[in-house]
Every structure is written in C-alpha cells, then in structure tokens.
Amino acid sequence: MAEPVRQADRKAGEAREVRRISAAVGLSALGLTCGLSAVTAVQAADQGSSTATTQPVPVAAAPRQIEEIDEEVVVQVPAPRPPAHAPAAVATGGAAARRQTAPVGGAAAAQAAPAAGTATSQAAPAAGATASQTVSAAPPVAAPKPVAVSTASKVR
Amino acid sequence: MTAVEWAALGTEAVLAVTVSESLPAAREAVDGVLAEFDVACSRFREDSELSRVNRAQGTWVEIGPLFLRALTAARWAAAATAGAVDPTVGRILRISGYDRDFKALTDGGEPLRLRAADAPGWRAIEIDASASRVRLPPGMELDLGASAKALAADEAAAAALRAVGGAGGVLVSLGGDVAVAGEPPAGGWIVQVSELAETPTHVDGEIVAVRDGGLATSSTTVRRWTRGGIEMHHILDPATGRPAAGLWRTATVAAASCLEANAAATAAIVLGERAGGWLRARRLPSRLVSRHGMVLRLAAWPAC
C-alpha cells in the first residue's frame, strides 16, 4: 500500500508544479483542476491503481493557493555613450610633413581633422587650403605636438 | 593654446586651455577638484572617505556629496559593464600587494595563498542617497580607482571651464584619462595614444584629434608588480579575482565623457574576446592592442 501513497504524493507534487506554470501563463484554476484530474485518472487507470487520492477535488472546496512568482526586475542602465564626434585621424611624421601646406601659428590647429566619423590615415588640409596647395612642395614641418597622451595609469 | 603639467593623485595631470590668459583661473579650479577627490576617494589615505567606508564594513557611514557621486559613478560603471568593472575588488587588490601609492610599491612578498570565496559584488553596496550614507557588507572593500580618476577629469574640465566663464576650451588629463570641455581648438585637441606612459609625445605614436567627451586607455602593460614571483597588474577580473588575462593588453576608447570611456576601456580588457562585439554594439570608437601587438580599430576609430 505504500506505493499508491508515494504515487499520490508525486501527483500532488506535479499538481503544484502545473499550478505554478498556470500562474505564469494565466490559465484558470478551474480549467487546470479539471485537466489535471483527467490526466491523473488516465494515468491511474494505466497503472492499475485506484485510490481515493486520484479523485478530482471540487473547485469550490479547493483551498486558495497563492502562487509566488519570482519576477526578474530589469533595470535599464544607460550604456556608455559614444562621443558626439569620433576622434579624427592626424597624420604624423613624414606623412604629416608631406601633406602639410603651411603651418598655422605653429599650433596643432594646422592639422585640420577630417569630418567626424571618418576613418582615414591622412590628415585633411588646413581650412581654406586648396588641392594645389596640398600637393605643392611645401617644406617639411613637424607633426603636431600632442597636448596630452592617453595612456594607462601614468605613474608619477 | 597653453598647457601645464604637474603631479597629482599619484599620477600626472595636464591642463590645456585655448585662451592662454585663462590658465591661472582654470588651474586653480582643477587643483580644487583634484584635492577634493584625493580626500574623498584615495585608497592610500587613512583619512579619506573611502578608507573610512572600507573600515566600517557592516555599518552605515555618512558620506559627502563628492564621494556619493564617485560611488554612484562606480556603481553605474559596474552595471553598464555587467560587472566587468567592479569597485568591490578593493580587498583583493590590497591583499595582492597593491596597498599603497604605486610609486611606493616594491616587488616581492610571500606567494599569495588565497581561498576562493563568493564575492558579494557591486550589487551588495547599499547606497542611501537621500540620507547621504553607504553601507558595505562585511568583508567588502572598495577601490574606486577605475572610475574616480576619470570622473575627476570630467569634473575638473567642467570646473575649469566654469572658472573661465565658459570662454574657449579646456582639456584635462589625469594619468592618461582625458576629458575636454568647451570649444575645442580648430581641428580638435591633439592627443597621442600610447601603451607605455613613458613614451615621449611626438614619437611615432598614434595621434588623434578629439573634439568632445573623453578618451581613456586601460592597459595591463603598466602598474605591474610581482608577488611571490608572480607578476600582477592592477586590472582584475571581478569574476575570478585575478589579473585579467584576456586577448587585449591595451584598450583606448572615446566616449561622451571620460568616465564612460574609462569604464568601456577597462571592461574591454576584462571582457577579452567579447570586447570587440561589446564596443561595436555601443558604437564606441575604440583602439585595441592584442597581447601580440595586433591593433584593431573599431566603431569609427580612425585608421592610421
């Protein structure tokens, strides 16, 4: 007689599991109970078992069960945002010297940046410079001196 | 344009302004911000708010507005990087030997014998913003180094610009974390990207022009030390508590602020092979250098 009891316990456990699922998908308790009873009856008949524990429970008498559903609260965290203007290429050394048309105040400003978001290894000519100026044999000048260095945790 | 360099926060500070006459006022403003950050966020000062919070595990500690901002920023960085950048690695950093200003750090020490344990992580930090207080669970120590310096650069640049009445543009670099504010020079701020801090400027470095936001570089090639004969570095993988050993040794990222750039750059080191997709998805212009020296440029980072 121990086997039917364990089986009944197992069925009850299954019922609890199904109720959890039903709570999640919004099935009605009535439909669930009827459906579960039918399933239980079929299974009991297949296994030659006939115990009172497989009898359907009237819905009206069924205790109300409050299901506890874990809800994952998704908090939207702003992701790191890109800059309004992507860094622009600035040619260095010989390339800069070859393309440099004329120093503008000796400052880094002489190296006009290309339009934002472009990926080029060549610095654009300074504002106002013409194509002919760009290819002219201007004397080599130094590449722009960086005002800062982006490096990792400079120690001093 | 005028620039000045000096030592601050255990690193090198650079301030540049487009209006030369505004340099003294800008410098004064930057000095003020850096002093406040040092008092609030230094892990190496016994009297800092951070040290006080770290000592008071398990109890609520009142904090000032700047520390609250720094802590909020650190928690944001952790959330935005899914925990790749986690301020709760302070204890393992201390145990690993990084327990003083880096320039005072000496190699050596006994081999570490650490026992793995569940780390509570950044979600366990309790912040009561309305009452300006924080509580850490027992055993947790914070290190705000990954984000506080970048936040300091952002706030210093903004303060400097305010101090000069918004005239012109300002660049502040703290140990290589760069923040700019105001109107940049024609063509942008010229910034060299280098793996090694000792690399002289103007020497075969990759140079880019920055117009707004921030630029930050994280690397495992610097701030290294040995413990028990094992080489350590300062970027820890919060998932393992050990130095990050992923695909990339250096990551430089441009973002809307230095804080965001720093978080993304540090996350890239920790994320390793996943970093490329993570950065692309966020359209963050980035330059990654692999352990073997291969350079990968992503998301509108200019080709050289």
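## Basis of the report

The coordinates come from a predicted model, and the descriptions that follow should be read with that in mind.

## A covered strand and its partners

Strand β9 of chain B, which runs over residues 206-210, is mostly covered, since five of its five residues are buried. In a regular strand the side chains alternate between the two faces of the sheet. In β9(B), Glu206(B), Val208(B) and Val210(B) lie on one side while Ile207(B) and Ala209(B) lie on the other, and with all of these residues buried both faces of the strand are covered.

The strand has a partner in chain A as well as one in its own chain. Strand β1 of chain A, residues 88-90, pairs with β9(B) in the antiparallel sense over three bridges, and in β9(B) the residue that stands opposite Ala88(A) is Ala209(B). Strand β8 of chain B, residues 189-193, likewise pairs with β9(B) in the antiparallel sense, here over five bridges, and Val191(B) stands opposite Val208(B).

## Two residues with positive phi

Leu9(B) has a phi near 50 degrees, a positive value in a residue other than glycine. The residue lies in the loop between β1 (2-8) and β2 (11-17) of chain B, and Leu9(B) counts as buried because 21 C-beta neighbours fall inside 10 Å, where the cut-off for a buried residue is 20 or more.

Ala300(B) is found in the segment after β17 (295-298) of chain B, and it is buried because 20 other C-beta atoms lie within 10 Å.

## A pair of helices in chain B

Helix α5 (residues 145-163) and helix α6 (residues 258-271) of chain B pack with their axes 7 Å apart and at an angle of about 155 degrees. Because angles over 145 degrees count as roughly antiparallel, α5(B) and α6(B) are described as roughly antiparallel to each other, and their crossing is right-handed.

On the α5(B) side the contact is made by Ala146(B), Ser147(B), Ala150(B), Leu151(B), Ala153(B) and Asp154(B), which meet Cys258(B), Leu259(B), Ala261(B), Asn262(B), Ala263(B) and Thr266(B) of α6(B). Sorted by class, the residues in this contact are eight nonpolar, three polar and one charged.

Definitions and conventions. Residues numbered from 1 in each chain as written. Chains lettered and ligands numbered in written order. Predicted model: local features only at pLDDT ≥ 70, side-chain atom pairs only at ≥ 80, totals over all residues. Buried ≥ 20, exposed ≤ 12 C-beta atoms within 10 Å, placed from the backbone. Helix = DSSP H or I, 4+ residues; strand = E, 2+ residues; numbered from the N terminus. Pairing = 2+ DSSP bridges. Axes fitted to C-alpha atoms, helices over the stretch in contact; angles between N-to-C directions. Parallel < 35°, antiparallel > 145°, perpendicular 65-115°, else oblique. Left-handed = near helix turned anticlockwise from the far one by under 90°. Contact = placed C-beta atoms within 7 Å. Nonpolar A, V, L, I, M, F, W, Y, C, P; charged D, E, K, R; others polar.
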